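Me: I have a chain on screen and some questions about how it is put together. Can we go through them one at a time?

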Amino acid sequence: MPLADRPWFRVAWPFAVAVVGIGVGALLSAALPGYFVFLAISAVTAAIAILGLGIVTGSAGMIALCQLTFAAVGAWILSLLNVMQAPGGFLVWLVLGGLAAGLVGILVGLPALRLRGVNLAVVTLGFAAAADVTLVQIQFPGSADGIAIERPALFGSDREYFFLSIVVLAVCGLAVFFLQRGRWGASWKAVAFSERGTAAAGQSVRAAKLTAFAVSAALGGISGGLLAGQAQLPFASSFTPLQSLALYVLAIMSGAHLIDMAIFGGLLWVLVPELLKRWGVPQDWGFVVFGVLGVQALTSGTNLGQGIRNLLYRRADRRTKNAALTALPSDAGTDATAITTTTTATVDEAAVDGAPVLTVDGLTVRFGALTALDAVSLQVPAASIMGLIGPNGAGKSTFVDAISGFLPQHEGRVVLGDRDLARLSPTRRARLGLRRTFQQDRVPRR
């Protein structure tokens, strides 16, 4: 068995990568000049925020233009706990700020249950604008009095704080890695592919969207807490809606659903303005650069991060292109004889002779004055196949939508076995055993 296919390796290699990353961070914290250490901290905090955006935009396929507002929530909570001298210290405050931002993310994600696309973008951008106005008015706790945020005792200097931020980034990266490969991650990808297909497969669209917003916002809150610890006196100008919009474009451009590309996006967040500064160009032009690259990514259907990955892996692909896909075992002869085994399926006669597995009684669906289905009744016996035949517009798709829960406003009864499915969602019906397929491919990709 190849090493990459061994179960222990699949669990161990992410931790090994994280340890290597922390080691590289330790070397950089000791070797970088002072000014570049400050820039490196900014890159790490941006990478964590972009990592969160990669979940809600890249994995779940939703638009969120308020990531730095979630960062502001994390920074505000951390500042408040610092002023209150709450127990636990900086690291506990950082986690609490992330949790608070996650709760706000759930509230902001509620409109995503009904809205999508441009409408959802307007809602999230409006939330960012409202939060910005509020922050300008109330300010961060302690900022007016000059109460600086206390860093951990072991990470007081910028070099030590940079190493701390690397450790936090590694922990966040590990969390995202295992979440993406777990049940939540599968539901995020399924929702991005097809909401109806997700519900028909028995997965909750509501839970997928809210968990995506919650995890994304929590990561944003952690990045904001780190940013507050970096500046030690946070101000509202660090969390403007324009910066959230630029961060979203950067996430799309870099392919932030990939963890390494989220880190690459954090580097670009710092590198582009710094290069413009050194070339004598106003740093505000950095937003223009991000915008152009973002438009290119949206129109071409690809992104810079994926392009870099393709270049890096192309050599490895060439090496394995001509590899044999299958091979005979070492003891197999050239005159091996194929043996065919035939099995006979058996049917439970009692189940066939029993009650119908699906009963539809008087199903009626109206769209205004149009009656699409008029008192349709049928029974589907167990272990049987039933066809529904009719011309275009006869109501076949409407019938399937109604019994599977996608058209809840109907008259009549749908009974699965002995259970009435009234008022049950498509997800609940699918989990009970009533599932549907689609004429077009809507099977969520793994």
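Me: How many helices and strands does the chain have?
Reply: The model is predicted, so local features count only at pLDDT of at least 70. The secondary structure comes to 16 helices and 4 strands.

Me: What percentage of the residues counts as buried?
Reply: Buried means under 20% relative accessible area. The chain has 446 residues, and the share of them that counts as buried is 42%.

Me: Of the contacts between residues at least 6 apart in sequence, what share joins residues at least 24 apart?
Reply: Take the contacts in the chain between residues at least 6 apart in sequence. The share joining residues at least 24 apart is 74%.

Me: Which residues does valine 168 contact, leaving aside its neighbours within four places in sequence?
Reply: Val168 is one of the residues with the most contacts inside the largest core. Leaving aside neighbours within four places in sequence, its partners are Ile48, Leu94, Ile222 and Leu226.

Me: What distance separates the C-alpha atoms of alanine 170 and valine 20?
Reply: Alanine 170 and valine 20 are 150 residues apart along the chain. Their C-alpha atoms are separated by 9.7 Å.

Me: Which helix supplies the largest share of the nonpolar surface patch?
Reply: The patch is formed by Leu271, Leu275, Trp279, Val281, Trp285, Val288 and Val292, with about 670 Å² of accessible area together. Helix H11 (259-278) and helix H12 (285-300) each supply at least two of its residues. The largest share is 3 residues, from H12.

Me: Is valine 292 buried or exposed?
Reply: Valine 292 lies in helix H12 and belongs to the nonpolar patch. Its relative accessibility is 53%. Exposed means over 50%, so valine 292 counts as exposed.

Me: How many disulfides does the count come to?
Reply: A disulfide needs two cysteine sulfur atoms within 2.5 Å. Cysteine 66 is buried at 0% relative accessible area, and cysteine 172 is buried at 6%. The disulfide count comes to 0.

Me: How far apart in sequence are the parts tied together by arginine 196 and aspartate 401?
Reply: The side chains of arginine 196 and aspartate 401 meet in a salt bridge, 3.0 Å from N to O. Arginine 196 is partly exposed at 30%, whereas aspartate 401 is buried at 14%. Arginine 196 lies in helix H8 and aspartate 401 in helix H15, so the pair ties together parts separated in sequence by 205 residues.

Me: In which helix do arginine 278 and glutamate 274 both lie?
Reply: Arginine 278 forms a salt bridge with glutamate 274, the closest N and O atoms being 3.5 Å apart. Arginine 278 is exposed at 54%, whereas glutamate 274 is buried at 9%. The two are 4 residues apart, about one turn, in helix H11.

Me: Which strands hold glutamate 411 and arginine 366?
Reply: The side chains of glutamate 411 and arginine 366 meet in a salt bridge, 2.6 Å from N to O. Glutamate 411 is partly exposed at 43%, and arginine 366 is partly exposed at 44%. The pair is 45 residues apart and links distant parts of the chain: glutamate 411 in strand S3, arginine 366 in strand S1.

Me: How many salt bridges does the count come to?
Reply: A salt bridge needs a Lys or Arg side-chain nitrogen within 4 Å of a carboxyl oxygen of Asp or Glu. By this rule the total is 6.

Key
Residues numbered from 1 in each chain as written. Predicted model: local features only at pLDDT ≥ 70, side-chain atom pairs only at ≥ 80, totals over all residues. Heavy atoms only, no water. Buried < 20%, exposed > 50% of the residue type's maximum accessible area, 1.4 Å probe, protein only. Contact = heavy atoms within 4.5 Å. Patch = residues over 30% accessible without salt bridge, like charges linked within 9 Å, V, L, I, M, F, W, Y side chains within 5 Å. Areas by Shrake-Rupley, 256 points an atom, 1.4 Å probe, with all protein chains shown as cover. Core = buried A, V, L, I, M, F, W, Y, C linked by side-chain atoms within 4.5 Å.
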